[in-house]
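Me: I'm new to this one. Can you walk me through it?
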Amino acid sequence: MLKKTLFQLHWLFGISAGLVLAFMGITGATVSFQDELLRLLNPSVLQVEAPNHEALPPAELVRKLEAQEGQTVAMLWVEPHGDSAGRV
């Protein structure tokens with residue numbers, strides 16, 4: 001009786017811990033591959049038409065964005081080539 005009860009408790013806690021660890025692994029992988037998943041699921045969101053004029057240097061782009069929005073830029077992600085949109 002005690003052996004059977006201990007086995008059932010062990011099984012219950014093992015399944016519970018396994019589910020928690022699996023959930024943590026899946027959400028961690030999702031966060032780690034956030035940029036890749038965004039490109040995979042929404043390819044048109046990050047695509048823009050290449051402008052005819054020369055692109056602004058990052059420092060000037062940040063200065064213009066901060067003046068326009070009234071907020072401080074914490075991160076600027078710009079692809080050096082291609083038609084990928086910059087992200088602020």
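Reply: One cut-off to begin with. Buried means under 20% relative accessible area, exposed means over 50%, and partly exposed lies in between. P43 has 47% relative accessibility, so P43 counts as partly exposed.

Me: Where is P43 placed?
Reply: P43 sits in the loop between α2 and α3. Its C-alpha atom is separated from that of L2 by 58 Å. Along the chain, P43 and L2 are 41 residues apart.

Me: What kind of model is it?
Reply: This is a predicted model. The mean pLDDT of the protein is 87. Of its residues, 99% reach 70 or more.

Me: Which element has the lowest mean pLDDT, and which the highest?
Reply: Among the elements, α2 is lowest, with a mean of 87. The highest is α1, at 96.

Me: On to packing. At what angle do α1 and α2 pack?
Reply: About 75 degrees. Helix α1 covers residues 2-32 and helix α2 covers residues 34-41. Their axes are 5 Å apart. Angles of 65 to 115 degrees count as roughly perpendicular, so α1 is roughly perpendicular to α2.

Me: Which residues meet there?
Reply: From α1, they are T30, V31 and S32. From α2, they are Q34, E36 and L37. The residues of this contact divide into 2 nonpolar, 3 polar and 1 charged.

Me: What about G25, where is that?
Reply: G25 is in helix α1. At 43% relative accessibility, G25 is partly exposed. G25 and A59 are 34 residues apart in sequence. In space, their C-alpha atoms are 38 Å apart.

Me: New topic: α3. How many of its residues are buried?
Reply: The number is 0, out of 12 residues. So α3 lies largely in the open.

Me: What span should α3 have?
Reply: It should span 16 Å, at 1.5 Å a residue for the 12 residues 58-69. The end C-alpha atoms of α3 are 16 Å apart, which agrees.

Me: Which residue follows α3?
Reply: G70 does. The phi of G70 is positive, near 75 degrees.

Me: And P58, exposed or buried?
Reply: P58 counts as exposed, because its relative accessibility is 52% and the exposed class is over 50%. P58 is in helix α3.

Me: How far is P58 from V78?
Reply: Their C-alpha atoms are separated by 8.2 Å. Along the chain, P58 and V78 are 20 residues apart.

Methods
Residues numbered from 1 in each chain as written. Predicted model: local features only at pLDDT ≥ 70, side-chain atom pairs only at ≥ 80, totals over all residues. Heavy atoms only, no water. Axes fitted to C-alpha atoms, helices over the stretch in contact; angles between N-to-C directions. Helix = DSSP H or I, 4+ residues; strand = E, 2+ residues; numbered from the N terminus. Parallel < 35°, antiparallel > 145°, perpendicular 65-115°, else oblique. Contact = heavy atoms within 4.5 Å. Nonpolar A, V, L, I, M, F, W, Y, C, P; charged D, E, K, R; others polar. Expected span 1.5 Å × (residues − 1). Buried < 20%, exposed > 50% of the residue type's maximum accessible area, 1.4 Å probe, protein only. pLDDT = per-residue confidence, 0-100.
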